[in-house]
Amino acid sequence: MFESFTNSVREKSGGKLPFADTGVKIKAYFNQIAENKRMGSDLLFMVTYMASIITADISRPEIFAFTATRKEYATSKYIAKVETFVKRWNYNYAKALEMVSDRTKNPMLSSMLSRYGNSISSGVPDDEFLLLELSTVRSVYRNYFEQGIEMLKKWGDAYIALMLSATIVSVIIMVSIAIYAPDDLDTTLNTSYLLIIGIGIFGIGTMYRAIPGDQKCHEIPGQGSYEQKMIRRMERFILPTILIAALILMVGGFNTGLIFLIIGILLAPLGIFAVIDDTNIIGRDADFSVFIRSIGTIMGGKGLTVTYALAEIDIKTMKVLSEFIQSIYSKMNLGLDENLVWERFIDESGSNLISKYLNIFRDSIKLGGKPSEVARVVSSSMLEQTLLREKREMLATGFIVLLIPMHVAMVAIFIFLYQILLSMSHAVTAVMASFSEASAAMSDSTTSVGGSMSGMVNIFVNFPEEKMGTYVAIVVLIITICNMMAGKIVKGGANYLYYAFGSILFTLTGIIFIVTPFIVDMLFQIPAMGGLP
């Protein structure tokens, strides 16, 4: 039955099911966004690679062939298309670059490919163009990165204002429910949820698109620094433990604050390792630009091999990388395989920049490049990225310092008001009960007065305590998750930084949930009203 219905729909829709391509288009859209975020840094990697290997005096076909094999760059597939047009369809490089440029959606890459094609048509030597183009790409990348930082400053403030507005809307809805007690309560609450989620998605999505990509970890499968490996090991039992504990506490009817607090405490070990690793990677990247320039200069100036050049390096100026450099030298001095030693260094460093630029340096040297020139090109590109990262770190620190107190303020205002409304509801309910008892023993005139007073305070009697408790918990959860994602997006780095922000925000939220009822009871004691004499 279903097959015949599907076939009939296909026939009426021209052989396709309705909306069959929607999922593919949505996936392609998000893939394009992710690629555009990587394009600036990957284009810099690729041009640095091409400018480095050209020092080995290799031919143009070799430049494109070697570059097309660098699958770790998002730009390499476009160079592979150029190779396809040249080697399979017999186009020249200038025409092939023009064709690929016209079909490239990213304007930064399209412009670079177009310039390369024009230089080939004009007869400009590849080495001259690539060295000049590297300077151009660095300037474009710096401008692109700094524009993203400026946009992020504005959108960071806008995000705080949006989430504060969402909290105020939730407060208004909660007060309105306490006053008017609408019949269609579920619709009102669901609308509030959608509104808060929509505001969060808009703010987070805008910041994500504004900030340039800065991948800190190399993400080699199964490899990484000590902290990264520890995080992966602990994830296997901490995350299931959090899920099971939260479900048990929810089913058992425990305090919502206790659930938030336990989630934050369990995430703390992952968050601590995440912060340590992020700090170490920043330090290693800063030292590596000095290290690669030093080793290249020594190899080129004294004509030494890598092993002897390592012995000449002054490691006192590289505090973070000094232990790694000593380990590399010891292993090479023992005669271990050089490739395996460098691979081990890349894995243990956990750094994406070290992985990319060290491979560029080593490939260029293998092809016969001049160590001093290669080191100068590689270290300059890496220094550009590390300096821009420092600007982002400064901005991220300011945003996080603002985000955490604002999160505490938003959550505290929301929960405090809920507890105050709850206390008022309990007090008014008790007053109404005393009026009812007193009215039964009074005269008709007094009863009318009691009835009028009853109508005046009846607005807080029907406060839906259970549903509003669930509403408060869900809204606070949405705000916490949104702020956690916002902090990670602004900070950048690996996804495990979600654990760090999650640990801080869930812990603070849990503490507020737990202490708020006690504070409200101390500060807001509504006097009880006895019956009339």
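Tutor: Let us begin with a group of residues in this predicted model. Salt bridges link Lys216, Asp278, Glu393 and Lys491 in a network.

Student: How many salt bridges does the structure hold?

Tutor: The structure holds 19 salt bridges.

Student: What makes the contact between arginine 70 and glutamate 72 a salt bridge?

Tutor: The N to O distance between the two side chains is 2.7 Å. The cut-off is 4 Å between a side-chain nitrogen of Lys or Arg and a carboxyl oxygen of Asp or Glu, so the pair qualifies.

Student: Why do glutamate 146 and lysine 391 count as a salt bridge?

Tutor: Their side chains meet at 2.7 Å, N to O. This is within 4 Å, and therefore the pair meets the definition. Glutamate 146 belongs to helix α7 (residues 126-180) and lysine 391 to helix α15 (residues 371-440), so the pair ties together parts that are 245 residues apart in sequence.

Student: How do you know whether glutamate 146 and lysine 391 are buried, partly exposed or exposed?

Tutor: Glutamate 146 has a relative accessible area of 27%, and lysine 391 has 38%. Both values lie between the limits of 20% and 50%, so each residue counts as partly exposed.

Student: What do lysine 467 and aspartate 186 tie together?

Tutor: Their side chains form a salt bridge at 3.2 Å, N to O. Lysine 467 lies in helix α17 (residues 465-491) and aspartate 186 in helix α8 (residues 185-210), so the parts tied together are 281 residues apart in sequence. Lysine 467, at 39% relative accessible area, is partly exposed, and aspartate 186 is also partly exposed, at 43%.

Student: How many disulfides does a search of the whole structure find?

Tutor: The search finds zero disulfides.

Student: Why are cysteine 217 and cysteine 482 called buried?

Tutor: Relative accessibility is 4% for cysteine 217 and 9% for cysteine 482. Both values are under 20%, and therefore both cysteines count as buried.

How values were computed:
Residues are numbered from 1 along each chain as its sequence is written. This is a predicted model: local features need pLDDT of at least 70, side-chain atom pairs count only at pLDDT 80 or more; totals for chains, interfaces and linings use all residues. Side-chain values use heavy atoms; hydrogens and water are left out. A disulfide is a pair of cysteine sulfur atoms within 2.5 Å. Buried means under 20% relative accessible area, exposed over 50%, partly exposed in between (1.4 Å probe, protein chains only). Helices (H or I, at least four residues) and strands (E, at least two) are DSSP runs, numbered from the N terminus.
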